[in-house]
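Colleague: I would like to learn how to read a ligand site in a model. Could you take me through one?

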Amino acid sequence: MTEEKRLQWFMDARFGLFVHWGLYSVLAGEWQGQRMDYIGEWIMSRYRIPGAEYAKLAERFNPQQFDADAWVQLARQAGMRYIVFTAKHHEGFAMYHSACSRFNIVDATPFGRDPLMELADACARGGLKLGLYYSQDLDWHEADGGDPGPQYPRNFGMSWGNDWDFPDYAAKNYARYFEAKVKPQVRELLTQYGTVGLIWFDCPVTINAQQSQELHDLVRELQPNCLINTRIGNGLGDYGSMGDNQVPSGQVEGAWETPATLNDTWGYKYFDNNWKSAADTLGVLAGLAGKNVNYLLNIGPQPDGAFPAASVSILREIGAWMSVNGDAIHNARQSPYPYDFDWGAVTQHLGVDGQTARLNLLFRNWPASAFTLHGLRTRVVRACTKTASADPTPRREIGFTQAIDPDVHKTALTLDLPREAPAELMPVVTLELEGDAEVDQTLTLQQGVIVLPADCGRVQALSAAAPEVDRAGILTNWLDPVDAIEWDIHLPEAGYYSVDIITSAQRHSAPWQGGHAVRIETDDTAIQARISADEMITRPETRCYAQAVTHCGDLYFASAGLQTVKLIALAIRPNNGVGLALAALRLTASQ
Ligand code: GLC
């Protein structure tokens with residue numbers, strides 16, 4: 001099967017359920033009266049719990065409420081098309097019946113059932129693809145589990161490897177562990193549970209290129225169509241894993257997935273109630289689908305095997321929306337626009353297999369005034385919206401006028417949207433097109449704003465640091481003021497535009513940092529600003545990768561039409577090697 005064919009179901013799915021379940025769930029985030037401040041499945045490392053003591057948790061693990069069909073039904077009705085289940089996490093405990101280690105749920109707990117077998121059967125019955133998470137490097141139960149050693153930067157202060165039971169770093173032999181446990185367990189997983197849609201490796205800290213390759217080849221040999229994520233390490237994998245909860249700012253190439261939490265943990269923590277709302281998660285889902293990125297949304301089941309009630313109700317709400325609007329997500333491909341919109345997201349359906357080509361506009365914020373979309377050069381045949389009221393899927397026609405012109409801004413589709421936002425959490429307007437959407441790529445004014453994303457700019461990389469745009473669309477390594485970035489934009493009118501600069505943190509949970517001095521230039525004028533957090537962006541997308549807005553003042557353009565905007569650094573604060581991490585510039589037309 002070709003790579004493209006293998007990936008097809010994954011690209012069409014767009015939405016999946018991640019399940020983190022293991023012995024850590026029994027502790028539920030608390031150890032000897034201390035509540036864990038980080039992700040729950042890391043509790044063994046956080047409190048350096050001796051392996052022998054940790055293993056005793058198995059005696060208390062008896063998840064009588066576990067019901068694989070209920071999990072599958074909930075995921076399905078939420079519009080999810082696959083489940084990724086933690087077969088073995090960093091703690092080393094197999095959540096299935098493994099013959100190569102008795103440290104598994106069947107042999108070590110009073111429960112005695114194989115939840116993976118039940119889940120695999122339920123997935124087959126319910127029509128969901130099954131994916132398996134397998135931590136191939138870290139294993140805190142084993143003396144030879146991956147350990148990068150004391151010199152390596154720790155993970156939020158925690159050890160990557162088990163250096164509390166096994167402090168003799170020199171005695172560790174990952175290769176031995178790889179042969180004795182990883183390969184046999186991966187073989188079990190891919191031979192005893194039917195068809196596995198994907199295998200989800202994680203944390204390739206010490207695994208070397210040859211071992212990643214061997215693991216990759218083993219998966220291919222056992223199940224040639226099983227997809228592999230890039231966290232197998234060393235540049236391998238069929239599709240890319242974004243960082244945890246990372247939402248790219250720019251467009252991305254190829255197939256991707258963002259694993260995401262529904263609160264702030266993967267493994268269950270009884271006191272973590274920082275839930276994202278259904279509307280928030282749908283907004284993220286739409287934005288990701290508009291970039292060819294799947295959303296793998298996590299639930300951490302309780303020790304009794306049930307999903308936390310809050311997760312269930314959020315997923316049901318998501319499901320209610322998906323049952324009406326899911327066709328704007330499923331099988332969708334990335335937006336033909338190279339930039340994001342403040343009002344929401346765009347997804348696209350290509351006119352393949354006799355289908356009508358469509359653009360779907362998913363509104364997170366319903367437009368307060370008239371709505372016009374510029375740059376669409378394909379004829380719209382019909383515009384409509386759907387609502388869940390009365391009839392299951394009543395369609396409502398939306399009136400529109402369309403002009404197509406050599407000028408990008410005069411190429412305008414104006415929709416007669418109702419003033420009142422429809423009751424839907426995220427209303428969708430579907431545009432049926434005469435053919436596949438052709439969109440003018442020029443950066444231009446949309447609903448009063450021109451967005452200049454870092455990945456649409458020309459980077460002038462003159463320094464040795466070589467600034468470049470990363471996978472999430474952030475300009476990184478901008479550490480030297482000799483480097484700069486510029487964009488060509490199209491202005492419908494001359495005049496003043498206020499400038500905002502959006503900058504980003506570079507690492508998961510790292511604080512946002514600023515302090516740089518910059519100049520923004522046009523042919524006519526220039527303004528200077530200091531990068532400061534005039535406003536922190538508080539969207540679910542920025543919970544783990546903080547972003548801030550700097551209001552820089554007004555920029556004057558003496559004429560309309562094509563213009564160049566240049567961002568120059570006057571002084572850059574190194575900020576521990578992060579420098580000036582740019583997501584985008586935003587120009588807002590003065591009223
Ligand atoms: C990180 C964490 C791990 C979690 C994973 C989910 O790699 O170490 O605990 O399972 O993210 O994406």
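Modeller: Begin with polar contacts, pairs of N or O atoms within 3.5 Å. In this predicted model, an N or O atom in the side chain of Asp202 lies 3.0 Å from an oxygen atom of the ligand. Taken alone, the ligand exposes 310 Å², and the protein buries 95% of that area.

Colleague: How far is the polar side-chain atom of Trp42 from an oxygen atom of the ligand?

Modeller: That distance is 2.9 Å for Trp42. For His90, a side-chain N or O atom is 3.3 Å from a ligand oxygen atom.

Colleague: How many residues surround the ligand, and which are the closest?

Modeller: The shell has 14 residues, and the closest are His20, Glu41, Trp42, His89 and Asp244. By class, the shell comprises seven nonpolar, three polar and four charged residues.

Colleague: Why is the largest pocket said to lie between domain 1 and domain 3?

Modeller: Look at who supplies the lining. Domain 1 (3–328) and domain 3 (449–589) both contribute residues to the lining of the largest pocket, so the pocket lies between them.

Colleague: What is the volume of the second largest pocket?

Modeller: The second largest pocket has a volume of about 800 Å³. Of its 39 lining residues, Ser249, Lys291, Asp340, Arg539 and Gln547 are the closest to its centre.

Methods:
Residues are numbered from 1 along each chain as its sequence is written. This is a predicted model: local features need pLDDT of at least 70, side-chain atom pairs count only at pLDDT 80 or more; totals for chains, interfaces and linings use all residues. Side-chain values use heavy atoms; hydrogens and water are left out. A residue is near a molecule or strand if one of its heavy atoms lies within 4 Å of it. A polar contact is a pair of N or O atoms within 3.5 Å; within protein, one must be able to donate a hydrogen and the other to accept it, and residues adjacent in sequence count only if both atoms are side-chain atoms. Accessible areas come from the Shrake-Rupley method with a 1.4 Å probe; for residues, only the protein chains shown count as cover. Ala, Val, Leu, Ile, Met, Phe, Trp, Tyr, Cys and Pro count as nonpolar, Asp, Glu, Lys and Arg as charged, and the others, Gly among them, as polar. Domain bounds come from an automatic or database domain assignment. On a 1 Å grid over the protein atoms alone, a cavity is a set of points where a 1.4 Å probe fits but cannot get out, and a pocket is an open set with protein on both sides within 12 Å along at least five of seven lines; lining residues have an atom within 4 Å of a point. Grid points are joined across faces, edges and corners, and a volume is the space filled by probe spheres set on the points.
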